[in-house]
Amino acid sequence: MGVLVPLFKTREPETDLPLDNEEKLRVKLIQNSIEALRKEEKSVEIEISEKCKEEIERLNVIDRKLGELEKELEDICHGRKRPIIRSR
């Protein structure tokens, strides 16, 4: 078996079960893999944010409007009427 070279600082596994050396090694490998995937995920999120800034802003506007309409619908359906603002 080879030597484990940690890519990230790992902590001892948090478990109540006693682990043998092979299990401890596997836990460290899994922790390193999880950390590497999290960093890759963050990198992809940053890339998407940079490449699709306008689309993300549009989605945020849509989400905000959708939330407002859902809240208004909920208020009306549950008898909590909001004041109606009428344009002149």
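Reader: How many salt bridges does the structure hold?

Author: Happy to start there, with the reminder that this is a predicted model. Side chains of opposite charge can pair when their charged atoms come close. In this structure, the number of salt bridges is two.

Reader: Which residue meets Lys71 in a salt bridge?

Author: Look in helix 2, where the two partners are four residues apart, about one helical turn. An α-helix has 3.6 residues a turn, so residues three or four places apart point the same way. The N to O distance of the pair is 2.9 Å, and the partner of Lys71 is Asp75.

Reader: What is the N to O distance between Glu47 and Lys51?

Author: These two residues lie in helix 1 (residues 21–51), four residues apart. Glu47 is partly exposed at 41% relative accessibility, while Lys51 is exposed at 67%. Their side chains meet in a salt bridge, with an N to O distance of 3.7 Å.

Reader: How far does helix 2 reach from its first C-alpha to its last?

Author: Helix 2 covers residues 53–77, which makes 25 residues. At 1.5 Å a residue, 36 Å would be expected, and the model comes close to that. The reach is 36 Å.

Reader: Which residue takes a positive phi just after helix 2?

Author: The phi in question is about 75°. The residue that takes it is Gly79.

Methods. Residues are numbered from 1 along each chain as its sequence is written. This is a predicted model: local features need pLDDT of at least 70, side-chain atom pairs count only at pLDDT 80 or more; totals for chains, interfaces and linings use all residues. Side-chain values use heavy atoms; hydrogens and water are left out. The expected span of a helix is 1.5 Å times one less than its number of residues. A salt bridge is a side-chain nitrogen of Lys or Arg within 4 Å of a carboxyl oxygen of Asp or Glu. Buried means under 20% relative accessible area, exposed over 50%, partly exposed in between (1.4 Å probe, protein chains only).
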